[in-house]
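Please open the model in your viewer and keep the selection tool at hand.

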Amino acid sequence: MGVEDYHVIELVGEGSFGKVYKGRRKFTGQTVAMKFILKHGNSDKDIKNLRQEIEILRKLRHENIVQMLDSFETPHEFCVVTEFAQGELFNILEDDKCHPEDQVRAIAKQLVRALYYLHSNRIIHRDMKPQNILIGARSNVKLCDFGFARAMSTNTVVLRSFKGTPFYMAPELVREQPYNHTADLWSLGVILYELYVGQPPFYTNYVYTLFQHIIKDPVKYPDSMSPEFKSFLKGLLNKVPQDRLTWPALLQHPFVAETFEEQKARVILLHTISRKHKDITIFIEATKDKEIKLFYAVFFIVQCQTHSSKYNCKLAGNATSYDTHLKIPNSGKNSYPPEEFPGFTNPRDIVQSGCQELDKLENDSRTVKCAKIIGEDNKLLAYILLPLKRWHEESPKSCSSLLVGVPEIVLRSLDHVDPKDTGKPIAFIAKMTSQKALAVQLVSKGLLHPNRMRKILDRSSPMQVVMDVLMILSDLARMDKAFYEYINGAGVLEVLKGFLSHDDPNFRAKACSALGNMCRHSSYFYNSLAEHQIISLLIDRCSDPDRRTRKYACFAIGNAAYHNDTLYDELRRSIPELANLLLSPEEEKVKANAAGALSNLIRNSNKLCEELVSKGAVKALLKLAADSFVMALNPSRRDEANESSMKIALFSLAKMSKHQPCQQFIQSSELFPVIGQLRQSPEQMIANYASAIMRNVMGD
């Protein structure tokens, strides 16, 4: 296209770069902005930069970034045609010096999303200022003017060239030091500060003085500013770039984190946009905004998944369950009834897409009866799943950061479904808890609320739901001790106690695993375990007929003894059980856990030393070491699994040999010479433990 395809209406802006006209595209009547830049007077480098801006704009597609519609070049000038916005933020600042905090927050959320999109695509704006921020229809904020933008290669981390506007420049730019995307975030902080206060945090007409203020002076925050806003600005206006608030934590800051209602509005908007495309796969693949891809795909997947009990489908000709195949927005994403789900449209208002398969998918997803057909229709599901699958394979690491807000939607779904229908949402939650960022969101949004736990763990809940919840509790406890307080508040100890005696060995094993992880990081739960009389049941599980249960019971007992000796008296009864496991034809992991548990029973005091001798624990550890003697001295016959349990046995004996009753027994044992010979093992760890035992016993 060329200028002949547009009506030029009026001049709306002018600067050193050229002129901007309001225009109208012929035949369609679309109002546009036409930016004309003369080549005359510009260096070859300037022209190269202009072409760069055009190329950057051409690739960008985001609701908060001005959309380039067209561009053309003549021998004398460039013309870039973009959507038309109402006015610069600069004009808004001049009209209203100070803005209420809620208005600043609304602008901040949109600018954060725009910058996140740019930085995710490795683009630094480099000239963030009010003049480059436009206010569009319905107060929609648009970021524009990428004349100074720089696309980063995957290897480019810092840049040195000087660009930007003095009031909004980061300290590292003022110092002409290397910088990265966080320079844009400093500028964002300055703009938001100015919106609220009426002027930038550092303001003077003298450039040198301004630069000194930016480098040295602290930012002064007005008392009227809320703690949330102040915290956000302090994160952005940190003079040390590496300490600046950045992605993904920035997205989750309370000042700009999206509310559930805002998420609903976005999905509705995306649903409306998509109807303009004849094929949903084209829309998903064409958009550069990975977050939009995710939300849009989730929108349709949720519709078909939450109303059907059969979800196996074929991807690329192979029959597979797509929740495991994709590893992202999987089964049971949301369980709202159709009339409540964000983005559902009244059937009477539907505009057909022109794609027969998509129309069928959208129409069928509106009723529970018809939605059941969808899970069996591979052709329909492929229209949604294949592009999402391809996108995930291209950028699997981005999934967790893009799922901000999704956990709350999934949790809300649990409040609207019968317990027997919670299988797929719970399965999705179980997968999300494996990533800490999502686990934090889930817990903060009430995953472990006692009423929710009581409902999910009810006897009427499906077996798989309960199993998944046990896995969730175990994963959270293993991940971080910060979750302990929330797990304790969930009131699940009595439930776990009941599962230790369950008829199904899977329940017994998972309950042991969860309790073990609840003692992994600290003694937080020790007193509660004693109060609920759980230790005795854990000890009984050491002789459980199920191998996995025995393994996790040893693991739990070992952790219950690790941090202090509070539970030693109750754990006394575990000594013969653990010793027996060492002498039985058990798998090596069970023996390793049992040997480790015995070492912890003497870790914090010697009160159980006599019992460790009299109940056969020391003898069993010596026997385990002796049984692996030949392997330990002969590298060609090494067995990694056996070596692991042997090392732990020797480690335990090294701890016990510091105490007199154990020393005497070890020295008098017929197996003691084996320890002396193990000092010659080519495996350094085995030799070190054997040497420690000999020193403790013999004093050499």
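Begin by selecting Gln-533, which is exposed because its relative accessible area is 54% (buried means under 20% relative accessible area, exposed over 50%, and partly exposed in between, with a 1.4 Å probe and protein chains only). Gln-533 sits in the loop that runs between helix H25 (526-531) and helix H26 (535-540), where helices (H or I, at least four residues) and strands (E, at least two) are DSSP runs numbered from the N terminus. Although Gln-533 is not a glycine, its phi is positive, at about 55 degrees.

Before moving on, keep in mind that this is a predicted model, in which local features need pLDDT of at least 70 and side-chain atom pairs count only at pLDDT 80 or more, while totals for chains, interfaces and linings use all residues. Residues are numbered from 1 along each chain as its sequence is written, and side-chain values use heavy atoms, with hydrogens and water left out.

Next, select Glu-176, in the loop between helix H4 (171-174) and helix H5 (182-197). Glu-176 is not a glycine either, yet it has a positive phi of about 60 degrees, and with a relative accessible area of 57% it counts as exposed.

Now go to Trp-247 and Pro-248, which are joined by a cis peptide bond with omega at about 0 degrees. Pro-248 belongs to the loop between helix H7 (227-236) and helix H8 (249-252).

The next selection is Pro-661, a residue of helix H35 (residues 660-668), which counts as partly exposed because its relative accessibility is 24%. Which residues does Pro-661 contact, leaving aside its neighbours within four places in sequence? They are Cys-609, Glu-610 and Val-613, contact meaning heavy atoms within 4.5 Å. Val-613 lies 48 residues from Pro-661 along the chain, and their C-alpha atoms are separated by 7.3 Å.

To see the contact itself, select Val-618, Lys-619 and Leu-622 of H32 together with Cys-662, Phe-665 and Ile-666 of H35.
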